[in-house]
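Subject: Structure handover

Hello,

Here is the structure I promised to pass on. Please open it first, then read the notes below.

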Amino acid sequence: MFISEEVLRIVHLVARYESIATAAEQLNKVPSALSYTIKKLEESLGVELFIRRGRNLALTPTGEYFIQNSKSILSDIDSLCRNTTLIYTGVEQELTVAVNNIVPRDVIVEFIAEFEKKFYCTQLTVNTEVYNGCWDAIYHKRADVVVGAPHSVPSSDGIISEHVGYMEWDFVVGPQHALATCMSPLENRELRQYTAVCIRDTATNFIPLYAWHLDGQKALFVANLDMAVALIQKNVAIGYIPHHLVKPLLNNGTLIKKPMLEHKHATQLFVAARTDGLGEAGQWSLDFWLRPEIKSMLNGY
(Lines give C-alpha, C1' and ligand atoms only; values in the text may rest on other atoms or scores of the structure.)
Protein backbone atom coordinates (compact mmCIF):
# COMPACT_ATOMS: atom_id res chain seq x y z
CA MET A 1 0.00 0.00 0.00
CA PHE A 2 1.34 3.41 -1.01
CA ILE A 3 1.32 6.28 1.53
CA SER A 4 2.32 9.60 0.05
CA GLU A 5 4.54 12.23 1.65
CA GLU A 6 1.55 14.60 1.76
CA VAL A 7 -0.50 12.11 3.78
CA LEU A 8 2.36 11.60 6.25
CA ARG A 9 2.76 15.34 6.75
CA ILE A 10 -1.00 15.80 7.31
CA VAL A 11 -1.06 13.09 9.98
CA HIS A 12 2.01 14.57 11.72
CA LEU A 13 0.55 18.07 11.68
CA VAL A 14 -2.80 16.94 13.09
CA ALA A 15 -0.95 14.98 15.79
CA ARG A 16 1.14 18.03 16.70
CA TYR A 17 -1.80 20.42 17.05
CA GLU A 18 -4.35 17.80 18.17
CA SER A 19 -6.77 19.61 15.89
CA ILE A 20 -7.82 19.14 12.28
CA ALA A 21 -8.96 22.76 12.04
CA THR A 22 -5.58 24.13 13.19
CA ALA A 23 -3.65 21.78 10.91
CA ALA A 24 -5.88 22.74 7.99
CA GLU A 25 -5.20 26.41 8.69
CA GLN A 26 -1.43 25.78 8.63
CA LEU A 27 -1.73 23.99 5.29
CA ASN A 28 -4.20 26.47 3.83
CA LYS A 29 -6.74 23.68 3.28
CA VAL A 30 -10.34 23.14 4.35
CA PRO A 31 -10.72 20.87 7.46
CA SER A 32 -12.96 18.45 5.56
CA ALA A 33 -10.09 17.66 3.17
CA LEU A 34 -7.84 16.66 6.09
CA SER A 35 -10.62 14.65 7.76
CA TYR A 36 -11.16 12.75 4.52
CA THR A 37 -7.41 12.06 4.12
CA ILE A 38 -7.09 10.67 7.66
CA LYS A 39 -10.28 8.61 7.32
CA LYS A 40 -9.08 7.03 4.03
CA LEU A 41 -5.66 6.25 5.58
CA GLU A 42 -7.26 4.59 8.63
CA GLU A 43 -9.58 2.58 6.39
CA SER A 44 -6.74 1.40 4.16
CA LEU A 45 -4.67 0.34 7.17
CA GLY A 46 -7.63 -1.09 9.05
CA VAL A 47 -6.66 0.82 12.21
CA GLU A 48 -7.67 3.86 14.24
CA LEU A 49 -4.95 6.52 14.52
CA PHE A 50 -6.93 9.21 16.40
CA ILE A 51 -9.73 9.36 18.91
CA ARG A 52 -11.87 12.43 19.66
CA ARG A 53 -11.60 14.11 23.05
CA GLY A 54 -14.09 16.92 23.02
CA ARG A 55 -13.06 19.35 20.33
CA ASN A 56 -9.55 17.89 20.07
CA LEU A 57 -8.01 14.73 18.68
CA ALA A 58 -5.61 12.41 20.52
CA LEU A 59 -3.37 9.69 19.16
CA THR A 60 -4.26 6.10 19.88
CA PRO A 61 -1.38 3.74 20.82
CA THR A 62 -1.38 2.70 17.17
CA GLY A 63 -1.23 6.35 16.15
CA GLU A 64 1.72 6.92 18.51
CA TYR A 65 3.56 4.05 16.83
CA PHE A 66 2.74 5.41 13.36
CA ILE A 67 4.06 8.88 14.24
CA GLN A 68 7.27 7.64 15.86
CA ASN A 69 8.16 5.28 13.05
CA SER A 70 7.34 7.61 10.19
CA LYS A 71 9.52 10.50 11.45
CA SER A 72 12.61 8.96 9.86
CA ILE A 73 10.76 8.61 6.54
CA LEU A 74 9.97 12.31 6.43
CA SER A 75 13.52 13.13 7.49
CA ASP A 76 14.90 10.96 4.69
CA ILE A 77 12.64 12.66 2.17
CA ASP A 78 13.81 16.09 3.33
CA SER A 79 17.47 14.99 3.13
CA LEU A 80 16.96 13.51 -0.31
CA CYS A 81 15.44 16.73 -1.66
CA ARG A 82 18.06 18.95 0.00
CA ASN A 83 21.02 16.82 -1.06
CA THR A 84 19.76 16.43 -4.63
CA THR A 85 19.67 20.22 -4.92
CA LEU A 86 23.22 20.49 -3.53
CA ILE A 87 24.56 17.90 -5.97
CA TYR A 88 22.88 19.77 -8.83
CA THR A 89 24.66 22.98 -7.81
CA GLY A 90 28.13 21.36 -8.01
CA VAL A 91 28.76 19.63 -4.68
CA GLU A 92 30.42 16.23 -5.10
CA GLN A 93 28.59 13.11 -3.99
CA GLU A 94 31.93 11.62 -2.87
CA LEU A 95 35.33 13.09 -2.06
CA THR A 96 38.52 11.17 -1.24
CA VAL A 97 41.31 13.01 0.56
CA ALA A 98 44.76 11.45 0.90
CA VAL A 99 46.76 12.67 3.90
CA ASN A 100 50.49 12.20 4.44
CA ASN A 101 51.13 10.13 7.58
CA ILE A 102 53.29 12.92 9.02
CA VAL A 103 50.42 15.46 9.09
CA PRO A 104 49.35 16.23 12.70
CA ARG A 105 46.21 14.34 13.71
CA ASP A 106 44.55 17.36 15.35
CA VAL A 107 44.44 19.35 12.12
CA ILE A 108 43.02 16.35 10.23
CA VAL A 109 40.25 16.06 12.83
CA GLU A 110 39.56 19.80 12.49
CA PHE A 111 39.27 19.42 8.71
CA ILE A 112 36.86 16.48 8.95
CA ALA A 113 34.70 18.22 11.57
CA GLU A 114 34.30 21.37 9.47
CA PHE A 115 33.78 19.41 6.26
CA GLU A 116 30.98 17.31 7.79
CA LYS A 117 29.14 20.43 8.94
CA LYS A 118 29.36 22.12 5.56
CA PHE A 119 29.03 19.17 3.16
CA TYR A 120 26.76 16.76 5.02
CA CYS A 121 25.55 15.20 1.74
CA THR A 122 29.05 14.34 0.51
CA GLN A 123 30.58 10.97 1.38
CA LEU A 124 34.07 11.85 2.67
CA THR A 125 36.88 9.28 2.71
CA VAL A 126 40.22 10.16 4.33
CA ASN A 127 43.10 7.80 3.54
CA THR A 128 46.65 7.77 4.89
CA GLU A 129 49.55 7.73 2.43
CA VAL A 130 53.29 7.62 3.04
CA TYR A 131 55.80 9.80 1.16
CA ASN A 132 55.47 9.43 -2.62
CA GLY A 133 52.24 7.50 -2.05
CA CYS A 134 50.69 10.98 -1.70
CA TRP A 135 51.65 11.96 -5.25
CA ASP A 136 50.81 8.49 -6.50
CA ALA A 137 47.30 8.81 -5.04
CA ILE A 138 46.52 12.09 -6.79
CA TYR A 139 48.15 11.32 -10.16
CA HIS A 140 46.61 7.86 -10.40
CA LYS A 141 43.17 8.95 -9.22
CA ARG A 142 43.08 7.22 -5.84
CA ALA A 143 42.33 10.63 -4.33
CA ASP A 144 40.70 13.93 -5.34
CA VAL A 145 42.73 16.03 -2.91
CA VAL A 146 46.08 15.29 -1.25
CA VAL A 147 47.41 16.95 1.91
CA GLY A 148 51.07 17.08 2.89
CA ALA A 149 52.52 15.68 -0.35
CA PRO A 150 56.30 15.91 0.03
CA HIS A 151 59.27 17.64 -1.60
CA SER A 152 58.22 18.89 -5.04
CA VAL A 153 55.40 18.57 -7.55
CA PRO A 154 56.31 15.83 -10.09
CA SER A 155 54.29 17.44 -12.89
CA SER A 156 51.66 20.16 -13.18
CA ASP A 157 49.76 18.23 -15.86
CA GLY A 158 46.15 17.99 -14.67
CA ILE A 159 47.14 19.00 -11.11
CA ILE A 160 46.87 22.21 -9.11
CA SER A 161 49.14 22.48 -6.07
CA GLU A 162 50.10 24.95 -3.37
CA HIS A 163 53.10 24.95 -1.03
CA VAL A 164 51.95 24.99 2.60
CA GLY A 165 55.19 24.87 4.58
CA TYR A 166 57.85 22.58 6.00
CA MET A 167 57.85 19.63 8.39
CA GLU A 168 60.83 19.50 10.76
CA TRP A 169 62.33 16.16 11.84
CA ASP A 170 64.25 15.10 14.96
CA PHE A 171 66.70 12.21 15.08
CA VAL A 172 65.87 10.34 18.26
CA VAL A 173 66.99 7.33 20.29
CA GLY A 174 65.72 5.68 23.45
CA PRO A 175 67.04 6.84 26.84
CA GLN A 176 68.93 3.55 27.39
CA HIS A 177 70.24 3.22 23.83
CA ALA A 178 73.99 2.97 23.29
CA LEU A 179 73.90 6.31 21.42
CA ALA A 180 72.01 8.15 24.16
CA THR A 181 75.15 9.36 25.95
CA CYS A 182 77.10 10.38 22.81
CA MET A 183 77.73 14.11 22.90
CA SER A 184 79.32 14.75 19.50
CA PRO A 185 77.30 14.85 16.25
CA LEU A 186 76.63 11.34 14.99
CA GLU A 187 78.14 10.14 11.73
CA ASN A 188 76.52 7.78 9.27
CA ARG A 189 79.34 5.24 9.53
CA GLU A 190 78.66 4.68 13.25
CA LEU A 191 74.88 4.54 12.77
CA ARG A 192 74.83 1.68 10.24
CA GLN A 193 75.26 -0.91 13.01
CA TYR A 194 71.88 0.04 14.53
CA THR A 195 68.44 -0.84 13.12
CA ALA A 196 66.50 1.99 11.45
CA VAL A 197 62.74 2.00 11.96
CA CYS A 198 60.91 2.72 8.70
CA ILE A 199 57.37 3.01 7.31
CA ARG A 200 56.90 1.73 3.78
CA ASP A 201 56.14 4.25 1.07
CA THR A 202 52.63 3.58 -0.26
CA ALA A 203 53.56 4.55 -3.84
CA THR A 204 53.08 1.91 -6.51
CA ASN A 205 53.97 4.02 -9.55
CA PHE A 206 56.63 6.34 -8.08
CA ILE A 207 60.07 5.61 -6.60
CA PRO A 208 59.56 4.76 -2.90
CA LEU A 209 61.16 7.00 -0.26
CA TYR A 210 61.91 6.60 3.45
CA ALA A 211 62.36 9.15 6.21
CA TRP A 212 65.83 7.79 6.86
CA HIS A 213 67.67 4.61 5.96
CA LEU A 214 71.40 4.22 5.26
CA ASP A 215 72.91 1.86 2.71
CA GLY A 216 73.84 -1.39 4.41
CA GLN A 217 71.72 -0.63 7.47
CA LYS A 218 69.05 -3.05 8.69
CA ALA A 219 65.52 -1.68 8.30
CA LEU A 220 62.60 -2.53 10.56
CA PHE A 221 59.34 -1.79 8.72
CA VAL A 222 56.29 -0.92 10.83
CA ALA A 223 52.73 0.22 10.17
CA ASN A 224 52.76 3.78 11.51
CA LEU A 225 54.64 6.51 13.34
CA ASP A 226 53.13 5.64 16.74
CA MET A 227 54.64 2.17 16.52
CA ALA A 228 57.94 3.62 15.32
CA VAL A 229 58.10 5.94 18.33
CA ALA A 230 57.26 3.09 20.72
CA LEU A 231 60.06 0.92 19.32
CA ILE A 232 62.57 3.75 19.57
CA GLN A 233 61.54 4.27 23.20
CA LYS A 234 62.18 0.53 23.77
CA ASN A 235 65.71 0.98 22.31
CA VAL A 236 64.86 -1.48 19.52
CA ALA A 237 65.62 0.94 16.69
CA ILE A 238 66.62 4.52 15.88
CA GLY A 239 65.33 7.03 13.38
CA TYR A 240 63.84 10.37 12.40
CA ILE A 241 60.37 11.33 13.67
CA PRO A 242 58.44 14.57 12.94
CA HIS A 243 59.18 17.16 15.61
CA HIS A 244 55.52 17.73 16.51
CA LEU A 245 55.20 14.06 17.52
CA VAL A 246 58.34 13.80 19.65
CA LYS A 247 58.35 17.21 21.33
CA PRO A 248 56.40 16.10 24.46
CA LEU A 249 58.50 12.91 24.67
CA LEU A 250 61.71 14.92 24.50
CA ASN A 251 60.42 17.14 27.28
CA ASN A 252 59.65 14.19 29.58
CA GLY A 253 62.86 12.34 28.77
CA THR A 254 61.36 9.22 27.19
CA LEU A 255 63.16 10.05 23.93
CA ILE A 256 66.58 11.61 23.39
CA LYS A 257 67.28 13.95 20.47
CA LYS A 258 70.76 13.54 18.99
CA PRO A 259 72.73 15.93 16.78
CA MET A 260 73.63 14.58 13.34
CA LEU A 261 76.60 15.41 11.18
CA GLU A 262 74.32 15.08 8.13
CA HIS A 263 70.95 16.16 9.47
CA LYS A 264 67.77 15.41 7.52
CA HIS A 265 66.35 18.53 5.86
CA ALA A 266 62.82 19.69 6.62
CA THR A 267 60.25 18.18 4.26
CA GLN A 268 58.49 20.64 1.99
CA LEU A 269 54.74 20.05 2.03
CA PHE A 270 52.09 20.66 -0.63
CA VAL A 271 48.35 20.38 -0.98
CA ALA A 272 47.16 19.37 -4.41
CA ALA A 273 44.03 18.42 -6.33
CA ARG A 274 43.05 17.12 -9.72
CA THR A 275 41.72 19.83 -12.02
CA ASP A 276 39.19 17.54 -13.69
CA GLY A 277 35.89 17.36 -11.84
CA LEU A 278 36.91 19.54 -8.89
CA GLY A 279 33.64 20.65 -7.32
CA GLU A 280 32.63 22.88 -4.45
CA ALA A 281 33.66 20.43 -1.72
CA GLY A 282 37.06 19.83 -3.30
CA GLN A 283 37.73 23.55 -3.71
CA TRP A 284 36.68 24.21 -0.12
CA SER A 285 39.07 21.48 1.00
CA LEU A 286 41.98 23.15 -0.80
CA ASP A 287 41.08 26.53 0.68
CA PHE A 288 40.88 25.01 4.18
CA TRP A 289 44.52 23.86 4.09
CA LEU A 290 45.66 27.27 2.82
CA ARG A 291 44.32 29.18 5.82
CA PRO A 292 47.23 30.74 7.77
CA GLU A 293 46.22 29.14 11.08
CA ILE A 294 45.81 25.72 9.44
CA LYS A 295 49.18 26.00 7.67
CA SER A 296 50.69 26.75 11.07
CA MET A 297 49.15 23.57 12.52
CA LEU A 298 50.23 21.62 9.45
CA ASN A 299 53.80 22.65 10.12
CA GLY A 300 53.51 21.30 13.67
CA TYR A 301 53.44 24.64 15.49
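Is Asp-136 buried or exposed? Asp-136 is buried, with a relative accessible area of 0%. Here buried means under 20% relative accessible area, exposed means over 50%, and partly exposed is in between (1.4 Å probe, protein chains only).

Some ground rules. This is a predicted model: local features need pLDDT of at least 70, side-chain atom pairs count only at pLDDT 80 or more, and totals for chains, interfaces and linings use all residues. Residues are numbered from 1 along each chain as its sequence is written, and side-chain values use heavy atoms, leaving out hydrogens and water.

**Salt bridges**

Asp-136 forms a salt bridge with Arg-142. Their closest N and O atoms are 2.4 Å apart. The term means a side-chain nitrogen of Lys or Arg within 4 Å of a carboxyl oxygen of Asp or Glu. Arg-142 is partly exposed, at 33% relative accessible area.

Glu-129 also meets Arg-142 in a salt bridge (3.0 Å, N to O). Glu-129 lies in strand 4 (residues 123-129), and Arg-142 sits in the loop between helix 6 (133-139) and strand 5 (145-150), so the pair ties together parts that are 13 residues apart in sequence. Helices (H or I, at least four residues) and strands (E, at least two) are DSSP runs, numbered from the N terminus. Glu-129 is buried, at 7%. Shared partners join Glu-129, Asp-136 and Arg-142 into one network of salt bridges.

Another salt bridge links Lys-40 and Glu-43 (3.9 Å, N to O). Both residues lie in helix 3 (residues 31-45), three residues apart, about one turn of the helix. Lys-40 is partly exposed, at 41% relative accessibility. Glu-43 is partly exposed too, at 48%. The search of the whole structure finds nine salt bridges.

**The whole chain**

The protein chain has 11 helices and 12 strands. Its radius of gyration is 30 Å, well over the 19 Å that the globule rule gives for 301 residues, so the chain is more spread out than a compact globule. That radius is taken over C-alpha atoms, and the rule is 2.2 Å times the number of residues to the power 0.38. Along the principal axes, the C-alpha atoms fill a box of roughly 95 × 45 × 35 Å. Of the 301 residues, 43% count as buried.

Over to you.
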